[in-house]
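The exercises below concern one protein chain. Work through each task before reading its solution.

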Amino acid sequence: MVMSTDKVQAAIEQYADPLLRDMGLELVEVQFRREGHGWVLRLFIDREHGVNLDDCAAVSRAMSTWLDVEELIEHAYHLEVSSPGLERPLKKIEDFQRFIGRKAKIKLKEPRDGQNVFIGILEQIAGEQVTLLADDKLVTILFEEIARARLAL
């Protein structure tokens with residue numbers, strides 16, 4: 001049975017999320033796509049004080065074993081496990097809460113007053129609203145309006 005890339009990603013997220021939590025880690029993002037050198041399955045992992053090479057190796061071993069058994073991917077691919085880096089994506093409302101006080105870049109689904117990218121300091125998260133201090137002004141954005149967000153340097 002051939003699965004779409006979205007279904008492969010969803011199945012991997014469903015398995016990896018609790019596995020990583022048990023390891024004291026967080027699954028930040030799963031990517032599965034074709035690149036110049038072939039198919040790549042990337043897992044970005046994190047924890048409060050960052051991850052190290054041993055964390056990445058442990059996750060890689062656990063995921064490789066599971067992927068071999070499940071046979072979700074019927075063609076050759078490369079598995080990569082790494083940190084999301086300094087400009088990590090902010091996917092969940094909890095991510096925004098965790099990084100209050102840090103600089104973020106938020107891209108909106110639809111422009112607001114001719115602007116669709118805001119860069120500033122995460123000031124407050126209240127329910128489904130993110131408040132950002134951008135250009136000395138407080139900007140409140142509904143979580144559902146966000147297309148993409150990440151920490152910024």
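**Exercise 1.** What covers the buried residues of α2?

Solution. The model is predicted, with local features needing pLDDT of at least 70 and side-chain atom pairs counting only at pLDDT 80 or more, while totals for chains, interfaces and linings use all residues. Residues are numbered from 1 along each chain as its sequence is written, and side-chain values use heavy atoms, with hydrogens and water left out.

Step 1. Helices (H or I, at least four residues) and strands (E, at least two) are DSSP runs, numbered from the N terminus. Helix α2 covers residues 53-70, 18 residues in total. From its first C-alpha to its last, α2 reaches 25 Å, close to the 26 Å expected at 1.5 Å a residue; the expected span is 1.5 Å times one less than the number of residues.

Step 2. Buried means under 20% relative accessible area, exposed over 50%, and partly exposed in between (1.4 Å probe, protein chains only). The buried residues of α2 include Asp55, Cys56, Val59, Met63, Trp66 and Leu67. They lie on the same side of α2 because they cover an arc of only 105° around the axis, the arc being that of the directions from the helix axis to the C-beta atoms.

Step 3. The cover over the buried residues of α2 includes α1 (5-22), β2 (38-46) and β3 (78-82).

**Exercise 2.** Which exposed residues does the face of α2 turned away from its buried side carry?

Solution. That face carries Leu53, Asp54, Arg61, Thr65, Asp68 and Val69.

**Exercise 3.** Describe the two ends of α2.

Solution. At the start, a side-chain oxygen of asparagine 52 reaches to within 3.0 Å of the backbone nitrogen of aspartate 54. Just after α2, glutamate 71 takes a positive phi of about 50°.

**Exercise 4.** What is the strand order in the open sheet of three strands?

Solution. Step 1. The order is β1-β2-β3, with mixed pairing; two strands pair if DSSP finds at least two bridges between them. The edge strands, each pairing on one side only, are β1 (26-35) and β3.

Step 2. β1 and β2 run antiparallel and are joined by nine bridges. Phenylalanine 32 stands opposite leucine 41 in β2.

Step 3. α1 packs on the sheet, touching β1 and β2, and its direction makes about 155° with that of β1. α2 also packs on the sheet, touching β2 and β3, and its direction makes about 145° with that of β3. Contact means heavy atoms within 4.5 Å; axes are lines fitted to C-alpha atoms, for helices over the stretch in contact, and angles run from 0 to 180 degrees between N-to-C directions.

Notes
A polar contact is a pair of N or O atoms within 3.5 Å; within protein, one must be able to donate a hydrogen and the other to accept it, and residues adjacent in sequence count only if both atoms are side-chain atoms.
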